Amino acid sequence: MDKIRVLVVGCGNMGTSHARAYHQMEGFEIVGLVSRKPESREKLSRELGGYPTFGDYESALKESNPDAVSINTYPDTHADYIRKALNADAHVFVEKPLALTVEDAQSLVDLANEKGRKMVVGYILRVHPAWAKFVEVSRTLGKPLVMRMNLNQQSSGDMWYTHKQLMNSMSPIVDCGVHYVDVMCLMTQSVPVSVSAIGARLSDEIDSEMYNYGQLQVRFEDGSVGWYEAGWGPMMSETAFFVKDVIGPKGSVSISDDAKGDSDNVDDHSKTGALKLHHGAIDENGNFAKSDEFIDTSDEPDHDGLCLLEQEYFLEAITEDLNLSEHMRDAVNSLRIVLAADESFRTGKTVEL
C-alpha cells in the first residue's frame with residue numbers, strides 16, 4: 001500500500017514527538033510541518049532531514065494535499081482545523097481535547113462519519129502499557145471504586161507561558177482532566193451521573209474569569225466516585241503533585257515510584273516505575289491475609305515511544321479500517337464531564353449529566 005501522506009500541524013512538544021514517530025514509520029510520509037513560529041518548524045525540519053514547512057494551515061492543506069492531518073496546536077484551534085481537514089477528505093489525528101464544546105465535538109464526530117474518514121484523539125494513556133495494566137487491575141477490586149488522581153505542575157519560563165496561553169481557552173482541570181476522567185470511565189465501565197468542582201485563581205497574570213487551580217468530583221451510576229486535581233503556575237507545590245490511586249472493596253492499586261523530578265517535565269507525566277497492589281482481605285486474627293504486590297513497569301516507553309504507539313494505532317485505524325465509533329464516543333463523553341466540572345465551578349452547583 002502507498003504511504004499515508006501526513007501534514008503535521010503544530011511543532012511544540014506534542015507535534016515534535018508525533019513528527020518523530022511519522023518520520024521513523026514505514027507507513028507514513030511527512031508532506032509538511034506547520035507552525036506559526038518559523039523557528040519551531042525550521043528547527044524540527046532540520047532535525048528530521050528537511051521537510052517542507054508552512055506558516056499558514058490553510059495554505060499547507062491546499063498545497064500538500066495530505067491523506068492525513070496531525071493536529072497538535074492550542075485547543076481553541078482544534079475544531080476549526082479538524083473540520084477543514086475532514087472537508088479536504090483527510091483522516092485526522094488530534095491532540096486532546098477534541099473541541100471546546102460538546103456540541104462542536106459531536107458535530108466533528110458526525111462529520112468524520114459522514115466523510116468516511118478516521119479520527120483518532122490523542123489519549124496517550126490508552127496506549128500506555130503500564131496504564132492499561134493499572135486499568136486492568138482496578139477492575140479486580142470490586143465495586144464501587146474510589147479513584148484519586150492529580151497532576152499539578154509547578155511551571156516557570158516557557159512552560160508557564162504555554163500554560164497561560166492554554167488558559168486563554170480552558171482551565172487545567174479541563175485541559176488535563178480529559179485524560180484522567182477517560183481512565184476513570186475505563187476503570188468503572190459505568191455511566192457518569194453528576195459532576196461538581198471547586199477552584200481558585202492564584203495569579204494576576206491570567207484572565208480574571210479564569211482559574212489556574214481546580215479539582216473535580218464525579219459520581220458514577222454504579223456508586224463509584226472519582227476525584228481529579230490540577231494546578232499550573234510558579235506558585236504550585238510539588239508535594240504530592242502526582243497521585244494515581246484506586247480503592248475498591250477488595251483492596252487498592254496505586255502507581256508507585258513515579259517521577260520524582262520536575263512537575264512541569266512532560267516526560268515525567270506518564271512515568272510509573274511500578275504498580276502497588278494492596279489486598280484488603282484479612283484472616284481470622286484480623287491480620288492481612290496476603291502481602292502487598294509490586295508489579296514492575298520500569299521498562300515502559302518514554303514520551304516519544306508512547307507517541308509512536310499512538311501513531312501506530314492511527315495507522316492501523318486507517319489501513320485496517322478500524323471501527324472508531326467507541327473511541328470517538330468516549331472522547332466526547334470525557335469532554336462532557338470536564339466541561340460540566342467547569343460549569344460547576346462557575347455556578348457553584350453540582351451538574352447532573
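**Close-up views of a predicted model**

**View 1. Strand β12 and its two partners.** Strand β7 (residues 146-151) pairs with β12 in the antiparallel sense, over 6 bridges. This model is predicted. Across that pairing, R148 stands opposite D245 in β12. β12 and β13 form a hairpin, with 2 residues between them. Strand β12 (residues 242-248) is largely enclosed by the rest of the structure, because 5 of its 7 residues are buried. In a regular strand, side chains alternate between the two faces of the sheet.

**View 2. Helix α1 and its cover.** Helix α1 spans residues 13-24, 12 residues in total. From first C-alpha to last, α1 reaches 17 Å, close to the 16 Å expected at 1.5 Å a residue. Which residues of α1 are buried? They are M14, G15, T16, S17, H18, A19, A21 and Y22. What covers the buried residues of α1? The cover includes β1 (4-9), β2 (28-34) and α2 (38-47). It also includes β4 (68-71), β5 (91-95) and α10.

**View 3. E310, a buried charge.** E310 is found in helix α10 (residues 303-319). E310 is buried, yet it has no salt bridge. The nearest side chain of opposite charge is R126, 9.2 Å away. Side chains of opposite charge can pair when their charged atoms come close. A salt bridge needs a nitrogen and an oxygen within 4 Å. Leaving out residues up to four places away in sequence, E310 touches H18, F93, E95, G122, Y123, I124 and V127.

**View 4. Y123, a buried loop residue.** Y123 is found in the loop between β6 (119-122) and α6 (129-138). Is Y123 buried or exposed? At 6% relative accessibility, Y123 counts as buried. Beyond its neighbours within four places in sequence, Y123 is in contact with V178, H179, D182, E310, A331 and S334. With S334, the link is a polar contact between side chains, at 2.6 Å. Y123 and E95 are 28 residues apart along the chain, and their C-alpha atoms are separated by 7.5 Å.

View 5. How many salt bridges does the structure hold? There are 18. In one of them, the side chains of R83 and D104 meet at 3.9 Å, N to O. R83 lies in helix α4 (residues 78-87) and D104 in helix α5 (residues 102-115), so the pair ties together parts that are 21 residues apart in sequence. R83 is partly exposed, at 29% relative accessibility. D104 is also partly exposed, at 30%.

**View 6. A salt bridge between two loops.** The side chains of D321 and K118 meet in a salt bridge at 2.7 Å, N to O. This pair links distant parts of the chain, 203 residues apart. D321 sits in the loop between α10 and α11 (325-347), K118 in the loop between α5 and β6. D321 is exposed, with a relative accessible area of 57%. K118 is buried, at 12% relative accessibility.

**View 7. A strand-to-loop salt bridge.** D292 forms a salt bridge with K276, the closest N and O atoms being 3.9 Å apart. K276 is in strand β14 and D292 in the loop between β14 (273-279) and β15 (293-297), so the pair ties together parts 16 residues apart in sequence. D292 is partly exposed, at 35% relative accessible area. K276 is partly exposed, at 32%. Elsewhere, salt bridges that share partners join R126, D182, R329 and D330 into one network.

Methods:
Residues numbered from 1 in each chain as written. Predicted model: local features only at pLDDT ≥ 70, side-chain atom pairs only at ≥ 80, totals over all residues. Heavy atoms only, no water. Helix = DSSP H or I, 4+ residues; strand = E, 2+ residues; numbered from the N terminus. Buried < 20%, exposed > 50% of the residue type's maximum accessible area, 1.4 Å probe, protein only. Lys, Arg positive; Asp, Glu negative; His and termini not counted. Contact = heavy atoms within 4.5 Å. Polar contact = N/O pair within 3.5 Å; in protein donor to acceptor, adjacent residues only side chain to side chain. Pairing = 2+ DSSP bridges. Expected span 1.5 Å × (residues − 1).
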